[in-house]
Amino acid sequence: MPLSFSIVISTHNHSHTLGNILHALRYLRHPHFEVIVVKGPSTDDTDAVLLPYLQDIRLGHCAEAHLSKSQNIGLAMAQGDIVCFIEGDAIPEPDWLNELEAAYITASIAGVGGYVLDKTGIHFESQIIVSDRFGQDQHFTNIEKAQKSKILKQVIKPMHYLRLPQNNASFRRNVLLQLGKFDEKCDGRLSLADISLRLIEAGYKITYTPTARVHHTGTVNPMPICGQEAGSLYSSAYSYTYFAIKHAKAKKTSKENITSYTEHASKPLKKALAYAFLTFKLKWSEYKALLKEIDRGTKNGIEQACYLSAYKAPSSTIKAHTGSQFQQFPVLLPAAQRLHIGIVWQLYPAQERTGGIVVWLHEVATGLAKLGHEITFFTHTTDQKSITFEEGTWVHRTVKTRTKARFLFLLFGRIPSTPAIPRLRKRILRGIYQSYDAVMRMHHRRKFDVICSPAWGMEGTPFIADGKIPTVISMHSSWKFMAESKSEEEKKRFYKSKKHQQFIYAEEWTFKNATHLLANSNAIVRDTEALYNIKIDPDRVTVVPHGIKDLLADVNQKNTHPHAKASIKEHQPLRIMSVGRLERRKATDILLETLPALLTRYPMLEVHLVGDYSVYDDGINYRKSFLEKYAQAPWLDRVHFEGLVSESTLLEFYQKIDIFVAPSRYESFGLIYVEAMIFGKPCIGTYAGGIPEVITHNETGLLVPVNDVEKLSEALSLLIEDASLRQTLGQKGRALYEAQFTETVMVKRIAALLQKVSDAAKSKAA
């Protein structure tokens with residue numbers, strides 16, 4: 001029968017991290033654990049953060065910001081076989097409890113610790129910690145090195161011993177209750193050192209398991225002051241002195257021994273203080289004041305320790321709270337039903353409008369996580385490599401090669417050749433193999449059932465080539481689609497480019513060799529087959545239309561949707577909006593050609609073009625050309641080139657507009673139309689790509705032929721003049737969104753596909 005666990009979280013002013021930690025606990029794989037939060041005298045928003053979890057946790061209160069007192073409160077409340085102690089800024093990995101449980105192999109093992117990573121998630125804050133009887137620590141990278149140091153000895157009264165880490169310590173509850181509570185004269189890491197030493201002296205064993213890992217998202221104070229604020233060293237001096245005298249090796253506490261222990265205990269504090277002064281971090285007056293605090297703390301620590309020694313006071317025992325019951329913490333999905341999914345793409349997250357693929361992948365990752373699946377997203381960064389937990393998703397960021405390093409690499413570096421994939425530029429291959437290596441390093445821990453990756457960036461090609469993990473490749477507007485949407489002159493230059501030729505060949509290889517393809521529309525499958533002159537087996541393709549979250553929630557809309565409001569009055573402006581880069585593929589030239597006549601005919605009309613207008617397409621900048629050509633037009637002030645806007649600004653535009661138009665020459669799906677439908681806005685699109693699978697003509701919007709200025713003008717005029725039609729199309733578009741294009745609908749369909757792919761791979765392996 002598996003052990004049960006009580007996770008005790010001591011928190012004080014951790015509102016910025018506590019919610020993320022509690023959310024992370026929803027993904028623990030162990031079947032039996034409860035969560036106890038012991039809240040200190042917090043002055044931040046901790047209560048608001050805890051509110052959604054109050055039914056699922058057991059809440060304790062500690063009147064002081066004192067770790068060992070908080071731990072004792074949690075211990076008294078705990079009902080699990082094993083009690084784990086972390087703080088309000090530490091996030092455990094999904095297999096944390098399973099790995100701890102595996103280390104409790106005999107009844108003699110009373111405590112197990114794991115490794116603690118720092119806020120980068122890459123570097124270790126602590127691995128193996130060995131303390132001495134003065135409370136001073138030595139750190140080792142593994143238990144073998146600690147044992148080889150010859151300071152760990154199997155004796156009843158050891159001078160050195162394993163000390164469990166502050167953010168990743170677990171103990172058998174019955175042993176702690178028998179042995180006594182945490183010594184509240186010690187705080188921070190010294191309370192863990194004290195309890196670890198007492199367990200060993202009682203004949204129990206302490207051990208470590210490197211695979212039980214916790215991410216500490218807070219910062220470690222460089223001055224060893226036991227968790228106290230940097231303004232006071234009294235508590236540190238008190239704790240160190242008290243600890244040293246209590247646990248020093250000599251049995252008798254003579255005056256000489258006391259002096260020796262005191263000097264040994266206060267030495268690191270005074271050394272750190274002197275360093276702070278010499279590096280100009282402290283003024284002379286501050287330095288002297290802190291020295292006095294150390295002396296005062298040392299004196300009181302001596303008095304307290306000698307009092308305990310003289311009267312031989314036993315360790316205080318602790319009793320469990322009467323009437324307490326084990327309360328299972330609910331996870332989102334039982335471990336046996338979860339998929340372990342790796343997603344690989346070059347950008348994350350979609351904090352701003354950085355491209356359709358990024359927005360879609362962000363929705364997929366967070367949506368799958370909401371269903372309870374374990375999601376790990378592998379991406380790149382130009383800053384610092386890291387592993388973080390964000391919105392239910394573990395995000396691994398590897399650093400892109402910097403300019404100087406890239407130059408040296410191109411001269412002397414060697415690109416890996418396995419698994420063999422289509423030839424691409426060295427810089428691109430470097431990034432692809434970086435992502436592949438990151439996934440394979442984590443595979444033994446996360447045990448991925450399936451990998452997902454868009455075809456566009458080629459990051460999925462190594463997984464297709466080696467076949468070790470089932471891989472689903474999502475289809476989006478490809479390099480060849482991009483080429484075909486350009487003018488003839490641009491198309492010739494595009495196809496002459498060696499870089500573009502390599503990408504096109506790699507895409508074709510991907511579509512031919514991928515065992516599972518995810519398409520957002522039937523159109524993209526047909527167009528891919530036609531462009532690459534290939535036949536894709538229908539059994540390899542699953543069509544799942546894009547879906548996005550209800551953006552109305554982001555603008556605090558409650559019960560009334562914009563499409564239910566009264567139509568715009570004549571004296572008010574009637575607004576048309578288009579979203580997308582001002583380029584030929586988006587048919588910006590066609591839209592701009594319709595505007596002069598429309599703006600002249602309808603004086604209440606305003607036009608807003610949202611998207612990057614700095615691009616040159618076919619040697620033309622559409623915004624610049626339009627403004628120069630119509631510089632004297634009386635209606636020009638009613639045409640607004642908005643450029644790139646923030647997410648919140650875009651949502652405001654969707655609220656205010658009356659008509660959405662995007663006469664694209666090609667869209668593999670057309671997520672922008674769905675966004676407009678969410679706000680109940682009538683849409684105008686074209687019979688191109690996947691757009692007709694989003695807009696049904698005369699039902700949820702209007703469709704016009706590609707490149708047809710006259711038909712586009714007629715469709716716009718119809719909606720400008722008919723408020724009733726605008727409202728009808730908008731309402732039906734909203735209803736279609738709710739039925740077909742929500743994030744929930746899309747994610748459930750994708751989850752079903754991934755489950756099918758995973759099950760098929762497992763059946764084949766069996």
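I took helices (H or I, at least four residues) and strands (E, at least two) as DSSP runs, numbered from the N terminus. The model is predicted, so I kept local features only at pLDDT of at least 70 and side-chain atom pairs only at pLDDT 80 or more, while totals for chains, interfaces and linings use all residues. Residues are numbered from 1 along each chain as its sequence is written, and side-chain values use heavy atoms, with hydrogens and water left out.

**Entry 1: Lys-39**

I looked up Lys-39 and found it in strand 2, residues 33–39. Is Lys-39 buried or exposed? I count Lys-39 as buried because its relative accessibility is 11%; buried means under 20% relative accessible area, exposed over 50%, and partly exposed in between, with a 1.4 Å probe and protein chains only. The side chain of Lys-39 makes a polar contact of 3.4 Å with the side chain of Asp-47. For a polar contact I required a pair of N or O atoms within 3.5 Å; within protein, one must be able to donate a hydrogen and the other to accept it, and residues adjacent in sequence count only if both atoms are side-chain atoms. I then listed contacts, meaning heavy atoms within 4.5 Å. With residues up to four places away in sequence left out, Lys-39 touches Thr-11, Thr-46, Asp-47, Leu-50, Leu-59, Gly-60, His-61 and Cys-62.

**Entry 2: salt bridges**

I used this rule for a salt bridge: a side-chain nitrogen of Lys or Arg within 4 Å of a carboxyl oxygen of Asp or Glu. The structure holds 28 of them. I noted one between Arg-29 and Glu-374, with the closest N and O atoms 2.8 Å apart. This pair links distant parts of the chain, 345 residues apart: Arg-29 sits in the loop between helix 1 (15–25) and strand 2, and Glu-374 in strand 14 (residues 374–381). Both Arg-29 and Glu-374 are buried.

Next I checked two pairs inside helices. Arg-734 and Glu-738 meet in a salt bridge at 2.9 Å, N to O. They are separated by about one helical turn because they lie 4 residues apart in helix 24 (residues 723–740). Arg-734 counts as buried at 5% relative accessibility, whereas Glu-738 counts as partly exposed at 42%.

In the second pair, Glu-714 and Lys-711, the closest N and O atoms are 4.0 Å apart. These two are 3 residues apart in helix 23 (residues 709–721), so about one helical turn separates them. Glu-714 is partly exposed at 40% relative accessibility, and Lys-711 is partly exposed at 39%.

I also recorded a network of salt bridges that links Glu-93, Asp-95, Arg-445 and Arg-446.

**Entry 3: nonpolar cores**

I defined a nonpolar core as a set of buried Ala, Val, Leu, Ile, Met, Phe, Trp, Tyr and Cys residues joined through side-chain atoms within 4.5 Å. Which residues have the most contacts inside the largest core? They are Ile-9, Leu-22 and Trp-96, in a core of 64 residues. Helix 11 (residues 356–370) gives the largest share of this core, 8 residues. Another core lies apart from it, with 47 residues, among them Met-77, Tyr-115, Cys-186 and Ile-294. Beyond four places in sequence, the residues that Ile-9 touches include Leu-18, Ile-21, Leu-22, Val-35, Val-37, Ile-86 and Gly-88.

**Entry 4: cavities**

I searched on a 1 Å grid over the protein atoms alone; a cavity is a set of points where a 1.4 Å probe fits but cannot get out, and lining residues have an atom within 4 Å of a point. Grid points are joined across faces, edges and corners, and a volume is the space filled by probe spheres set on the points. I got 3 cavities of 30 Å³ or more. The largest cavity has about 100 Å³ of space. Its lining has 15 residues, and Ser-578, Gly-580, Arg-581, Lys-586 and Thr-588 lie nearest its centre. Strand 21 (574–579), helix 19 (588–601) and strand 22 (605–610) each give two or more residues to this lining.

**Entry 5: Ile-659**

I found Ile-659 in strand 24, residues 659–661. Ile-659 counts as buried, at 0% relative accessibility. Its C-alpha atom is 8.8 Å from that of Ser-578, 81 residues away along the chain. Contacts of Ile-659 beyond four places in sequence include Leu-574, Ile-576, Met-577, Pro-682, Leu-716 and Arg-726.

**Entry 6: whole chain**

I counted 25 helices and 26 strands in the chain. Of its 766 residues, 55% are buried.

Notes. On a 1 Å grid over the protein atoms alone, a cavity is a set of points where a 1.4 Å probe fits but cannot get out, and a pocket is an open set with protein on both sides within 12 Å along at least five of seven lines; lining residues have an atom within 4 Å of a point.
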